Amino acid sequence: MIKAPVQVCPLCEGTGWKTVSAGDAIRSLNDRRVTRCDCQLRARAESLLAAARIPRRYEHCELTNYDTDFPGAHPSLAEAHFVASNFAKKCDPRGDKGLLIIGTIGTGKTHLAVGILKELIVTRGIPCLFYDYRELLKEIQNSYNSTVQTTELDVLRPVFETDVLVLDELGAVKPTEWVWDTVSLILNTRYNDNRTTIITTNFEDQPAAAVSGSLSPARAASRIETLGDRIGERMRSRLHEMCRVVTLDGTDFRQKFRSANFR
Ligand SMILES: Nc1ncnc2c1ncn2[C@@H]1O[C@H](COP(=O)(O)OP(=O)(O)OP(=O)(O)O)[C@@H](O)[C@H]1O
Ligand SMILES: [Mg+2]
Ligand SMILES: [Zn+2]
């Protein structure tokens with residue numbers, strides 16, 4: 001059998017370091033000014049992307065293909081895109097506030113969150129993790145099943161420790177005491193460790209029913225649920241300490257492009 005020749009990077013000849021002009025140098029090796037070779041950065045980005053758990057459905061989402069000026073585009077899209085791009089460029093994942101992206105169905109919340117995450121990985125080499133809120137809670141619950149090998153901590157450790165976490169669809173699970181405890185554990189752990197979290201939600205950033213005054217039973221029943229109802233007032237207030245709010249308004253992008261066979 002003929003072996004394919006091993007590809008050696010022509011820039012660094014396999015050392016992982018390339019010679020640069022003095023201005024860009026970050027350290028000196030054998031008296032030469034060197035920096036990490038592009039092949040190393042690419043390899044790191046590839047492995048971080050593979051570990052980030054971005055669902056197939058959202059693999060195409062980038063900040064560069066987030067459209068903000070199609071006919072009828074709501075101005076909040078351009079504002080949100082501006083905030084997202086700046087955040088991806090400049091945020092310090094050790095201490096900076098994350099983003100709480102709020103909007104009705106199909107306004108592009110997950111697209112923006114995934115776009116930021118990919119930018120952080122590819123251009124800055126920052127470890128990130130994407131989790132759908134429902135999926136995360138399901139995985140934690142599954143870990144209690146004695147036939148499964150993983151423990152609760154196996155599931156939670158990467159969620160606690162990743163530099164930037166995207167928690168998609170916060171509040172989408174019917175609230176129970178266990179759900180509230182679990183979401184508090186996750187958010188408080190990341191908050192206490194000064195880690196950055198990006199959250200998307202369909203629920204309006206309004207207080208829970210108990211706080212929003214004494215509604216008649218009929219009004220209370222027809223009242224649209226809020227973020228406060230779904231994660232509890234205490235956690236909603238914690239979120240405000242952890243995140244800057246970004247609101248997306250407008251129509252459902254999927255409906256708009258349904259005729260063009262848009263997913
Ligand atoms: N402004 C946009 N430019 C380009 N594609 C968009 C835009 N907004 C949404 N999309 C696309 O439309 C689809 C739906 O968007 P997305 O899933 O991000 O919406 P969402 O607000 O997260 O919806 P949901 O409330 O259902 O979670 C995705 O395929 C996404 O890539
Ligand atoms: Mg979404
Ligand atoms: Zn190289």
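Me: How many other C-beta atoms lie within 10 Å of Arg53?

Reply: Arg53 has 16 other C-beta atoms within 10 Å, so it counts as partly exposed. The general idea is to count neighbours: a residue is buried with 20 or more, exposed with 12 or fewer, and partly exposed in between. Keep in mind that this is a predicted model.

Me: Where does Arg53 sit, and what is its phi?

Reply: Arg53 lies in the loop between α1 (38-51) and α2. Its phi is near 60°, a positive value in a residue other than glycine. If you trace the chain, you meet Arg53 after α1.

Me: Let's go on to Lys174. Is it buried or exposed?

Reply: Lys174 counts as exposed because it has 7 C-beta neighbours inside 10 Å. You will find Lys174 in the loop between β6 and α6 (177-192). The chain also brings Lys174 and Arg134 into view together: they are 40 residues apart along the chain, and their C-alpha atoms are separated by 9.6 Å.

Me: How much of the protein counts as buried?

Reply: Of the 263 residues, 29% count as buried.

Me: What span should α3 have, and how far apart are its end C-alpha atoms?

Reply: At 1.5 Å a residue, the 16 residues of α3 should span 22 Å, and its end C-alpha atoms are 22 Å apart, so the two agree. Since 13 of the 16 residues of α3 are buried, this helix is largely enclosed by the rest of the structure. Just after α3 comes Gly125, with a positive phi of about 65°.

Me: Now the strands. How do I read a sheet?

Reply: Strands of a sheet pair through backbone hydrogen bonds, in either a parallel or an antiparallel way. Here, five strands form an open sheet in the order β5-β6-β7-β4-β8, and the pairing is parallel. Its edge strands are β5 (128-132) and β8 (243-248), each of which pairs on one side only. On average, neighbouring strands of this sheet are turned by 15° against each other, direction ignored.

Me: Which strands pair with β7, and over how many bridges?

Reply: Strand β6 (residues 164-168) pairs with β7 (residues 196-201) in the parallel sense over four bridges. On β7's other partner, β4, four bridges again join the two strands, which run parallel. To see this residue by residue, find Ile198 in β7: it is the bridge partner of Leu99 and also of Val166. Ile199 of β7 is the bridge partner of Leu167.

Me: How many residues of β7 are buried?

Reply: Six of its six residues are buried, so β7 is mostly covered. Thr196, Ile198 and Thr200 are on one side, and Thr197, Ile199 and Thr201 on the other; both faces are covered.

Me: Which helix lies across β4 and β8?

Reply: Helix α2 (residues 75-90) lies across β4 (98-103) and β8, and it runs at about 150° to β8.

Me: Last, the ligand. Which residues come nearest to ligand 1?

Reply: Of the 19 residues around ligand 1, Gly108, Lys109, Thr110, His111 and Phe253 come nearest. Helices α3 (109-124) and α10 (253-256) each supply at least two residues of the shell, and α3 gives the largest share, three residues. Sorted by class, the shell has five nonpolar, nine polar and five charged residues.

Terms used: Residues are numbered from 1 along each chain as its sequence is written. Chains are lettered from A and ligands numbered from 1 in the order in which they are written. This is a predicted model: local features need pLDDT of at least 70, side-chain atom pairs count only at pLDDT 80 or more; totals for chains, interfaces and linings use all residues. A residue is near a molecule or strand if its C-beta atom, placed from the backbone, lies within 6 Å of it. Ala, Val, Leu, Ile, Met, Phe, Trp, Tyr, Cys and Pro count as nonpolar, Asp, Glu, Lys and Arg as charged, and the others, Gly among them, as polar. Two strands pair if DSSP finds at least two bridges between them. Axes are lines fitted to C-alpha atoms, for helices over the stretch in contact, and angles run from 0 to 180 degrees between N-to-C directions. Two residues are in contact if their C-beta atoms, placed from the backbone, lie within 7 Å. The expected span of a helix is 1.5 Å times one less than its number of residues.
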